[in-house]
Amino acid sequence: MAAFARMVKGQVRNYSAPLDMAIPASKQKYIPSSGSYPKGFLVSGTHVGVKASNTKFPDLALISSETPCSAAAVFTTNKFQAAPVQVSKKTLQSRQGQGIRSVVINSGCANAVTGKGGLEDAVNMGKKVDECNGLSEPSTIVMSTGVIGQRLPISKILNKIPTAHENLASTHDAWLTTARAICTTDTFPKLLSRTFTLPSSPGRTYSLAGMTKGAGMIHPNMATLLGVLCTDAPIDPSALQSLLTHAVSRSFNSISVDGDTSTNDTVAILANGAAGGAPISSPASDDYTAMQDILTSFAQSLSQLVVRDGEGATKFVTVRVQNSPDYESARLIASTIARSPLVKTALYGRDANWGRILCAIGYTQGVAPGTVVPERTSVSFKPVDGSPVLKLLVNGEPEQVDEERASVILQEEDLEIVVDLGGGEKGEQGLGGEEAVYWFCDFSHEYVTINGDYRT
């Protein structure tokens, strides 16, 4: 009986998506009840049944603009790039980032490592959407997510694309359903929107909306995630690509769940200019600078939802590396800490084992000479409740750690780890004070359970 009880307990998934797709109570707070969506964009989420086991949940997402858009995207660097990645790259290059109308996404099958047939399937998905839009030239970005190495049930998808097009709408419910349609092991749909203004048109309101998916196989460059951002601000294609690249480097490429990078990862942005105003084109303009800050902040908030939904995750951790001679060295150190299994398991076990953090700092590859000097390195835990930081190491000297307070801090869902490479106030050692931030989660027993039987 004891053995049976242990077996049953092992089947209980405390942090993963329930089989009925119900959103866990702890994740309900991340679901927006309303939104401010960009003008001229319509969306829909439709059930296809890409996976035979999915008998009722939406798994085909369609995002369309009523007018042609500037478009840009950032793709996975994995050498086994999925068919939709290859096709979408070609579409954007041939159109030079102009005249894009739609994004179509299926979940349940990645259409990755599927040969020439997979490429044809991706092309046909985009072509079907273009036909629904009355277009003859490729004008659709295609994305897929799910199991690698299996062909799409392409006939089922193509038959449902007209239905998805007919159901396009601009309501909040439509956006939320569309965000849900791209989920795989996610426990909740990830959707954000906000309004903003630009210096050249202070009286004009613009909107920015975005959805993303991802819970596992997450680490730059990039990860098993998809993202679509839409804005009604007018932005020229060349400016849009540089804006997105900057934003992604500090958001979707600054998160980690498990250190793995996949084959399908794509983050795309469409800008249709429907809200009017002068187009953003020059990086020297005030509008460009403002848009860069707005887009980066928005992408950070959206990408952090991926970490909060990490497979089996119980903690959301920010690691901030300060007082570095250059940004890239700080980013490499933050990334190394974020993907360390020993750091992640210690956090899951609520163990203030800061030695594991020090080890990760010390073996980080590629940092500039002189970046890491033990005698001027400090590490601390920063509680999210605003109480004083818990110092663990100061100028290379270990502190007498209050284990009881450390345990209390580590019981919270959110935690910040601060690594100061200068050993004092910013700039005190003449290092320049560069800072990088990464967001990651812990490793739990649940992560192994989820990924042990993901395919079967």
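User: Is the crossing in which H2 passes H3 left-handed or right-handed?
Analyst: Helices (H or I, at least four residues) and strands (E, at least two) are DSSP runs, numbered from the N terminus. A crossing is left-handed if the near helix is turned anticlockwise from the far one by less than a right angle, and right-handed if clockwise. The crossing of H2 past H3 is right-handed.

User: What pLDDT do local features need in this model?
Analyst: Residues are numbered from 1 along each chain as its sequence is written, and side-chain values use heavy atoms, with hydrogens and water left out. The model is predicted: totals for chains, interfaces and linings use all residues, side-chain atom pairs count only at pLDDT 80 or more, and local features need pLDDT of at least 70.

User: Why is H2 called oblique to H3?
Analyst: Axes are lines fitted to C-alpha atoms, for helices over the stretch in contact, and angles run from 0 to 180 degrees between N-to-C directions. Angles under 35 degrees count as roughly parallel, over 145 as roughly antiparallel, 65 to 115 as roughly perpendicular and the rest as oblique. The axes of H2 (residues 83-95) and H3 come within 8 Å, and they cross at roughly 55°. That angle makes H2, relative to H3, oblique.

User: How many charged residues are in the contact of H2 with H3?
Analyst: Contact means heavy atoms within 4.5 Å. Here Ala83, Pro84, Gln86 and Val87 of H2 meet Gly118, Leu119, Ala122 and Val123 of H3. Ala, Val, Leu, Ile, Met, Phe, Trp, Tyr, Cys and Pro count as nonpolar, Asp, Glu, Lys and Arg as charged, and the others, Gly among them, as polar. The contact has six nonpolar residues and two polar ones, and the number of charged residues is none.

User: How does H3 lie relative to H4, and how many charged residues does their contact have?
Analyst: The axes of H3 (residues 115-132) and H4 (residues 154-166) come within 9 Å and cross at roughly 25°. H3 is therefore roughly parallel to H4. The contact includes Asp121 and Lys128 of H3, and Ile157 and Leu158 of H4. By class, there are eight nonpolar residues and two polar ones, and the charged residues number two.

User: Is aspartate 121 buried or exposed?
Analyst: Aspartate 121 is found in helix H3. Not counting residues up to four places away in sequence, aspartate 121 touches Asn111, Arg151, Leu152 and Ile154. Buried means under 20% relative accessible area, exposed over 50%, and partly exposed in between (1.4 Å probe, protein chains only). Aspartate 121 has 4% relative accessibility, so the residue counts as buried.

User: What is the relative accessible area of cysteine 183?
Analyst: Cysteine 183 is placed in the loop between helix H5 (172-181) and strand S5 (190-198). Beyond four places in sequence, cysteine 183 is in contact with Ser107, Phe188, Pro189 and Lys213. Cysteine 183 is buried, because its relative accessible area is 10%.
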